[in-house]
Amino acid sequence: MSDMMRKISEGLERAFASRGFAEPSVEDLRDAAGVSLRTLYKYTPSRAEMVLAALENRHQRYLTRVFDDLPREPETALDTILSRVGKWMATETSHGCLFHAAVAADPGSHPLRALLERHKAEVATRAATATGLGGSDTALLVIIEGLTQAWPLRGEAAVEAAKQLGHALRSPGS
């Protein structure tokens, strides 16, 4: 990704995260990206491309924030992942998942749906690998998604509950 595309994607992500997908005008998006309208359209020729660029940027930031430099011990890695998801919610998106919001705003968009599915699959796979819970990808994704949805209502209590559920995956009979 070029520096210009990164700059645009970062600005678009901020705009959509703070104002939703319907509200910001193209001029608002241009201002958020810090470029001319011509440059914005050169790199993202449609609003749909702007949304995809913003979400691709968010995908990379989320993976870096949640999964980089995890502890090697699987149980500690699990707690760290879930704590980081809670911190992400507190600092980045206290109202819910931006990927789900994008699909809800444009439910017929196959590229958005594909990006959502890729994002969630990568989160699940990375979580399973880091925690030594191979084969539990879906269960871990359900825990992380549950945390994401419960966090606006329960905050840190949701993080602690997610940790308890994650540890239950290691119990016999789980």
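**Charged pairs and a helix crossing**

Reply: Happy to! Let's start with Arg61, which counts as partly exposed, at 27% relative accessibility. Keep in mind that this is a predicted model.

Me: OK, what does the side chain of Arg61 meet in a salt bridge?

Reply: That would be Glu13, with N to O at 2.6 Å.

Me: Which other arginine does Glu13 pair with, at 2.6 Å from N to O?

Reply: Arg58, whose side chain forms a salt bridge with that of Glu13. The partners are in helix 4 (residues 47-67) and helix 1 (residues 3-19), so the pair links parts 45 residues apart in sequence. Arg58 has a relative accessibility of 2%, so Arg58 counts as buried.

Me: How many salt bridges does a search of the whole structure find?

Reply: The search finds 14. Another one joins Arg19 and Asp28, where the closest N and O atoms are 3.1 Å apart.

Me: Are those two buried or partly exposed?

Reply: Arg19 is partly exposed, at 33% relative accessibility. Asp28 is partly exposed too, with a relative accessible area of 25%.

Me: Which residues do salt bridges with shared partners join into one network?

Reply: Glu13, Arg58, Arg61, Arg65 and Glu92 are joined that way.

Me: Nice. Switching topic: at what angle do helix 7 and helix 8 pack?

Reply: About 110 degrees, with the axes of helix 7 (residues 110-131) and helix 8 (residues 137-154) 8 Å apart. With that angle, helix 7 is roughly perpendicular to helix 8.

Me: Is the crossing of helix 7 and helix 8 left-handed or right-handed?

Reply: The crossing is right-handed.

Me: Which residues meet there?

Reply: On the helix 7 side they are Lys120, Val123, Ala124, Thr125, Ala127, Ala128 and Thr131. Helix 8 brings Asp137, Leu140, Leu141, Ile144 and Glu145.

Me: How do the residues of that contact divide into nonpolar, polar and charged?

Reply: The contact of helix 7 with helix 8 has seven nonpolar residues, two polar ones and three charged ones.

Me: Great, thanks!

Note on methods
Residues numbered from 1 in each chain as written. Predicted model: local features only at pLDDT ≥ 70, side-chain atom pairs only at ≥ 80, totals over all residues. Heavy atoms only, no water. Salt bridge = Lys/Arg side-chain N within 4 Å of Asp/Glu carboxyl O. Helix = DSSP H or I, 4+ residues; strand = E, 2+ residues; numbered from the N terminus. Buried < 20%, exposed > 50% of the residue type's maximum accessible area, 1.4 Å probe, protein only. Axes fitted to C-alpha atoms, helices over the stretch in contact; angles between N-to-C directions. Parallel < 35°, antiparallel > 145°, perpendicular 65-115°, else oblique. Left-handed = near helix turned anticlockwise from the far one by under 90°. Contact = heavy atoms within 4.5 Å. Nonpolar A, V, L, I, M, F, W, Y, C, P; charged D, E, K, R; others polar.
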